[in-house]
Amino acid sequence: MIEKYPNNADIYEVISSKMPFGNSRDFFKKRGMMCVTNRRTEIALYCSRLFLGFEDYEEMRSHTESENNYKKICGIELETVTSLPDIATTLSAKRGDTLDEKTKLMIKDVTSHGDGTVNCVISYQNKKIGKLDLLRKEDRECTFKIEERGDKKLVLTHHEKNEDYSKIIEVLENVSEGLVDDEKILPHKITLEKFTIPQRIEFFDKLLLHNYSNWILEDVRSIKIRKGEELEDEEFSEIELRGINEALLRGDNLRTNEIVKKFERSGYYFSGIIIKLAHKHDPLKIFVETLFKSKPVLPEINIKKSVEVIDDIENTKILPIDEQEKYLKEFWEILYKIYSGFIEEIF
Amino acid sequence: MPEEQNVEGDRWLDKAIEILNALGWVQGGDKKVDIFSQKMNKQYGIDAYFTYYDPYEASDIGVIIEAKSRQWQSVNLSLIRGTSSKMVEVLQEVPLSDEFENKLNFNKACKVNTGFILLWTNDFNYDHDKFIEYLQKTHIPKKHQSQRIFIASNEELLRFCSIVETSEELVRNSENSSEQFRYYYPSLTGTANEPKRMKHLTLEYLYSKYIFGKMQIIESVGGTSVSKKITVVLYNDSIILPALKLMYNALLLFQLLDVQEVWVYFYESDVNHRSDIEEFDRYVTSEEKQVGFKFKQMKRIDRDVYLWGHQND
């Protein structure tokens, strides 16, 4: 939260070098000021002379090119026969209790919505390297949502750190302790570990060949590979990536691709991809990463970057949080549909 | 009816000119002037032209005015896109024309790259959120030669009238002192500008969340006249504690706390924010600078701008 009033030189620097051009123009356009220019420094010069307020600077900060301003999503399946209202009751029963003394893990709030979904807010303390102290305690809060998916329940969260995800798992395990089996709400991780190595490649093949309805797959920007059960990821080289892109453009099955075959023979499988998608109707392109992390085992989708296309030029533009969340949800639904379909197919 | 629209258009233009005069701007030439561009071989209709001195630019700024009055059903994306595109062309061509100098600018040394669109919705269906949505969807061209186009709808226009009303009251309250109320332009980092006190508001200031002012008032204490230095903030930010604290830090940064009192005028109604204001009051009392804060309400102008009339001094 901004406390110290920024001087105009700092505002100039933020607008001219930290805020993407499209975002800076939109920020002022929304406030009734249209800057007809092709230079960020011009916008910065005029607009650093405005005396903006608290919400303006908070919004300005959310438009700067920092990793924190790009959102992500992850999900967990729940192995339970309990209904959503009963899950809400189970979570509410533990509200305010300290579930882990060391990290002060706690359920802060549980809300049931009209559409049947349940929202839960948890809090905990995390230790991080501080500026003044070598190690300092950070109070964190994280919200997750539980939704119905056919006969399954799904937990979704826009986590900021891996710890958020781990703590959600811990809460679900903790509240299930001591309950009879029918009442338990145990987390069931969405992971590649259920598949053999060739199946893992096939899974990514399905992901890449999927029809993204509102989007066109323009490019595969990166493919992460992992060997056997090793935890570290490696990345395809540029030449290998070019070969994969060409194969995809031809609509080829990746498992028939020579490069992929070579890696598969050496025991490698795909653990993550970054694809560039172009919106079919809006002048928008986004770089989406689907990543199956190994430590902790965590499936997540990240928006790595977004660009607005003006006069055929791509300008970085950080999307508003609600828009990012809308797209992330859309991509998560695709990932989950492919994942559950594939599970059904092979088991 | 086109005739009725013309009558309403003329009426609105007169009101818009009245507002701009009240902000302390100086009109150049007549209203509704046609300017011929030799380069484009085309005539451009200019509603009005105003200038004001910008202390941060250290020069006069020329502003081309477009005043439009419409019923809400005619205010749409296409109107805003069309009006702003027309302004882009006007700003590109008109200042280069000889007729512009002869009829409006009279060879004044002015930077003319600013347009101001005053769009009034003349029925009660105005929807501010929808207006912002239209603004966000309006495409702005990228040009090497930069221009600035400001656009104000009912919400902003009524606020401008409110600023004028409140400022005039402050001028009246301070007229017997040695320092009448004036808007205060703080010195900015990296500029050679000294802080300035002025009678008028620049466009950037109008679109700011705080407008600072300074004055002295004479108060009678036990039969003796005592003068008191006041800093004024015309405040258009949210009335929440972090926003109020940020304003306090702005006052510190711009050295505006060397006074006996700070009068903060809220544009938004403060009725639902009493606890934030009380907490802020406790916060400033605990701070090193022992300045008394007074919170007041700006004069709100009714939604019919025609009922508002500016009294010339």
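Strand β7 (residues 152–157) of chain A is largely enclosed by the rest of the structure, because five of its six residues are buried. The model is predicted. An open sheet of six strands takes in β1(A) along with strands of chain B, in the order β1(A)-β7(B)-β6(B)-β5(B)-β4(B)-β1(B). The largest nonpolar core has 105 residues, and the contact between the chains takes 32 residues from chain A and 37 residues from chain B.

**Around β7 of chain A**

- β7(A) pairs with strand β2 (residues 72–79) of chain A in the antiparallel sense, over five bridges.
- Within β7(A), Lys153(A) is the residue opposite Leu78(A).
- Leu78(A) is also one of the contacts of Pro187(A), together with Ile76(A), Ile169(A), Leu172(A) and Glu173(A), when neighbours within four places in sequence are left aside.
- Pro187(A) belongs to strand β8 (residues 186–188) of chain A.
- Pro187(A) has 19 C-beta neighbours inside 10 Å and therefore counts as partly exposed; a buried residue needs 20 or more.

- On the side of chain A that touches chain B, the elements giving two or more residues are α1 (8–18), α2, β1, α3 and α4 (54–62) of chain A.
- Of these, β1(A) gives the most, with four residues.
- By class, this side of chain A has 14 nonpolar, six polar and twelve charged residues.
- β1(A) also pairs with β7(B), antiparallel and over four bridges.
- Cys35(A) has Arg148(B) of β7(B) opposite.

**The sheet that takes in β1(A)**

- The pairing in the sheet β1(A)-β7(B)-β6(B)-β5(B)-β4(B)-β1(B) is mixed.
- At its edges stand β1 (33–36) of chain A and β1 (26–27) of chain B; each has a single partner strand, so one side of each is left without a neighbour in the sheet.
- Strand β6 (residues 110–121) of chain B and strand β7 (residues 147–152) of chain B are parallel and share five bridges.
- Gly115(B) faces Ile149(B) of β7(B) across this pairing.

**Helices α2 and α3 of chain A**

- Helix α2 (residues 21–29) of chain A and helix α3 (residues 40–47) of chain A have axes that come within 10 Å and cross at roughly 35°.
- The crossing of α2(A) and α3(A) is left-handed.
- Phe21(A), Ser24(A), Arg25(A) and Phe28(A) make the contact from α2(A), and Arg40(A), Ile43(A) and Cys47(A) make it from α3(A).
- These contact residues comprise four nonpolar, one polar and two charged.

- Chain B holds an open sheet of six strands in the order β9-β8-β10-β11-β12-β13, with mixed pairing.
- β9 (196–198) and β13 (292–297) of chain B are the edge strands, each pairing on one side only.
- From one strand to the next, the twist averages 30°.
- Strand β11 (residues 224–235) of chain B runs parallel to strand β12 (residues 261–266) of chain B, and six bridges join them.
- Val232(B) has Trp263(B) in β12(B) as its bridge partner.
- Helix α5 (residues 154–173) of chain B lies across β10 (210–221), β11 and β12 of chain B, at about 30° to β10(B).

**Nonpolar cores**

- In the largest core, the residues with the most contacts inside it are Ile65(B), Leu118(B), Val232(B), Val233(B), Tyr235(B), Met247(B) and Tyr265(B).
- Met247(B) touches Tyr210(B), Val233(B), Tyr235(B) and Asp237(B), not counting residues up to four places away in sequence.
- Another core lies apart from the largest one and has 58 residues, including Tyr70(A), Ile87(A), Phe270(A) and Leu298(A).

- Strand β13 (residues 297–310) of chain A and strand β14 (residues 313–316) of chain A run antiparallel, joined by four bridges.
- Val307(A) has Thr316(A) in β14(A) as its bridge partner.
- Two residues lie between the strands of this hairpin, where Asp311(A) takes a positive phi near 50°.

Note on methods:
Residues numbered from 1 in each chain as written. Chains lettered and ligands numbered in written order. Predicted model: local features only at pLDDT ≥ 70, side-chain atom pairs only at ≥ 80, totals over all residues. Axes fitted to C-alpha atoms, helices over the stretch in contact; angles between N-to-C directions. Left-handed = near helix turned anticlockwise from the far one by under 90°. Contact = placed C-beta atoms within 7 Å. Nonpolar A, V, L, I, M, F, W, Y, C, P; charged D, E, K, R; others polar. Core = buried A, V, L, I, M, F, W, Y, C linked by C-beta atoms within 7 Å. Buried ≥ 20, exposed ≤ 12 C-beta atoms within 10 Å, placed from the backbone. Pairing = 2+ DSSP bridges.
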